[in-house]
Amino acid sequence: MPVSSSYTTQIQPLTPVLETERLRLRGLQTQDLDEFLVMWSDPEFFRYLGGKPQKREEVWRRMIAQQGHWSLMGYGYWGVEEKSTGRFVGNVGFADFRRDLTPSIEGMPEIGWVLAPRVHGLGYATEAVQAALEWGEQHFEPKQIACIIDPDNAASLRVAHKFGFQEIARTTYNNEPILVLQR
């Protein structure tokens, strides 16, 4: 018997909403899928991320996993929305991906940010990271926060350094060079 997809559910928000001057950080929504797919299937987007452009199914799984992090860990990634247009422009947030990485950052909130190439250079990453870090300062015990960045990603390194992240190691992750930074 086929299952009907014409049902409604009441979704309880797990993700707090943060506002900046130009951005709204909020939980991912099903209507973000198309913009999320455009971003995660763009070869330019992957220049510093390793991996390869993703298909719709893979992108959907990524969205679900990001949203699910909130229920398992009490923190996660926000969808970044441009207030002036209401368009989804990227993600910022915290995770514990249990990465196979030396030195280990497991158990430490790992901040990350990705923005659609069409909004690069507008200062959105700085604005979104600042809002996320302010939230983290209120919700994490005093503990270090880590991030990993491709050594050639000068823009993300500038953002990390603005917020006091310092390089603690140069290593590899998935056979690619990576910098491990902590704050």
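Predicted model: local features only at pLDDT ≥ 70, side-chain atom pairs only at ≥ 80, totals over all residues.
**Exercise 1. Find which side chains make polar contacts with the side chain of Thr15, and say whether Thr15 is buried or exposed.**

Step 1: start with the side chain of Gln67, which pairs with that of Thr15 in a polar contact of 2.7 Å. A polar contact here is a pair of N or O atoms within 3.5 Å; within protein, one must be able to donate a hydrogen and the other to accept it, and residues adjacent in sequence count only if both atoms are side-chain atoms.

Step 2: check the accessible area. Thr15 has a relative accessible area of 8%, so it is buried (buried means under 20%, exposed over 50%, partly exposed in between, with a 1.4 Å probe and protein chains only).

Step 3: Thr15 sits in the segment before β1; helices (H or I, at least four residues) and strands (E, at least two) are DSSP runs, numbered from the N terminus.

Residues are numbered from 1 along each chain as its sequence is written, and side-chain values use heavy atoms, with hydrogens and water left out.

**Exercise 2. Work out how β2 pairs with β1 and with β3.**

Step 1: take β1 (residues 18-19) and β2 (residues 23-26), which run antiparallel over 2 bridges. Two strands pair if DSSP finds at least two bridges between them.

Step 2: pick out a bridge. Leu18 has Leu25 in β2 as its partner.

Step 3: look at the link, a hairpin of 3 residues from β1 to β2.

Step 4: move on to β3 (residues 77-82), which pairs with β2 in the antiparallel sense over 4 bridges. There, Arg26 is opposite Gly79 in β3.

**Exercise 3. Describe the surroundings of Asn91.**

Step 1: locate Asn91 in strand β4 (residues 88-95).

Step 2: The relative accessible area is 0%, so Asn91 is buried.

Step 3: list the polar partners. The side chain of Asn91 makes a polar contact with the side chain of Gln66 at 3.0 Å, and also reaches the backbone oxygen of Trp78 at 3.3 Å.

Step 4: widen to contacts (heavy atoms within 4.5 Å). Not counting residues up to four places away in sequence, Asn91 touches residues including Leu28, Phe36, Met39, Trp40 and Trp113.

**Exercise 4. Characterise the lining of the largest pocket.**

Step 1: On a 1 Å grid over the protein atoms alone, a pocket is an open set of points where a 1.4 Å probe fits, with protein on both sides within 12 Å along at least five of seven lines; lining residues have an atom within 4 Å of a point.

Step 2: count. The lining has 48 residues, and Tyr48, Leu49, Trp113, Val114 and Asn153 lie nearest the centre of the pocket.

Step 3: sort by element. β5 gives the largest share, 6 residues.

Step 4: sort by class. There are 25 nonpolar, 13 polar and 10 charged residues (Ala, Val, Leu, Ile, Met, Phe, Trp, Tyr, Cys and Pro count as nonpolar, Asp, Glu, Lys and Arg as charged, and the others, Gly among them, as polar).
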